[in-house]
Amino acid sequence: GREGSTQEQAFLDRVELSGRFAAGPGNDFLSLRSSNLIPSKLDVFLTRAVRATVEVDPDTGAVRTVVEVDLANSAPKTGLPDYILGEGIYAPRGTNRDLLSLYTPLSLTDVTIDGVAAGVQSQQELGANVYAVPVEIPSGGQVTVRYVLEGPPPAGLVDNGTYVLELLPQPLARPDLWQVAVSLGAQPGASFDGSLDKRVKLELDVADGT
């Protein structure tokens, strides 16, 4: 019944398997989401390694974030059925065509693919700015997408002097590897280095510089 389904959803939320998108009010956040653009099962061969540097201005509280995403495709070109590798109509078999979307409250100032300016689709969804970049990753290949983001002090920082960054995962066959460093100007602060298989929260007390 409905009560049972509600309880099941609550359980999935508690163990963080529901993929529910929600950050605490007033917090900064990052969430990376991939969508396969061609009929295939190539996502199981995709690995994402993310490096993010977040700098909070000690005087103004403004935030500047750089996110670099390495996308690696280990899919073969042959040896598996078309429904896995693709039929070769939209792209060569084993080629991953993906829409990489970054959710953030910040504003995008630049995005590149392997150092070349990239087209981006901008929209708003779930209370976030969404910056989506189409990427094509050949069999055995890798590409790097780099986002530069800027924004004013988050509401939580204004209210209580604490900057909070939440990393919201996308449930994937292969969880992302994230390296995140949050600094107050040139002063190192909070960090995370590991597999993002559940929500991570980083805090930086800007009021006393820790």
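pLDDT is the predictor's confidence in each residue, on a scale from 0 to 100. The model is predicted: local features need pLDDT of at least 70, side-chain atom pairs count only at pLDDT 80 or more, and totals for chains, interfaces and linings use all residues. Residues are numbered from 1 along each chain as its sequence is written, and side-chain values use heavy atoms, with hydrogens and water left out.

**Exercise 1. Confidence**

State the average pLDDT of the protein, and find where confidence is lowest and where it is highest.

Solution. Start with the average: the protein has a pLDDT of 85, and 83% of the residues score at least 70. Helices (H or I, at least four residues) and strands (E, at least two) are DSSP runs, numbered from the N terminus. On these elements, confidence is lowest in helix α1 (residues 2-14), with a mean of 53. Strand β9 (residues 142-151) has the highest value, 98.

**Exercise 2. The sheet**

Give the strand order of the open sheet of seven strands, then follow the pairing from β2 to β12.

Solution. Two strands pair if DSSP finds at least two bridges between them. With this criterion the order is β6-β5-β9-β3-β2-β11-β12, and the pairing is mixed. The edge strands, β6 (116-117) and β12 (187-196), each pair on one side only.

Next, take β2 (residues 46-56): it runs parallel to β11 (residues 176-184), and eight bridges join the two. From β11, continue to β12, which is antiparallel to β11 over eight bridges; here Val 180 has Phe 192 of β12 as its bridge partner. The hairpin of β11 and β12 has two residues between the strands, and in this hairpin Gly 185 takes a positive phi near 65 degrees.

**Exercise 3. Ser 183**

Is Ser 183 buried or exposed, and which residues does Ser 183 touch?

Solution. Buried means under 20% relative accessible area, exposed over 50%, and partly exposed in between (1.4 Å probe, protein chains only). Ser 183 has 17% relative accessibility, so Ser 183 counts as buried. For contacts (heavy atoms within 4.5 Å), leave out residues up to four places away in sequence; Ser 183 then touches Val 54, Glu 55, Val 56, Pro 188, Gly 189 and Leu 204.

**Exercise 4. The nonpolar cores**

Which residues have the most contacts inside the largest nonpolar core?

Solution. A nonpolar core is a set of buried Ala, Val, Leu, Ile, Met, Phe, Trp, Tyr and Cys residues joined through side-chain atoms within 4.5 Å. The largest has 39 residues, and Tyr 163 and Val 182 have the most contacts inside it. Strand β2 supplies the largest share of this core, five residues. A second, separate core of five residues includes Phe 29, Ala 128, Val 130 and Leu 168.
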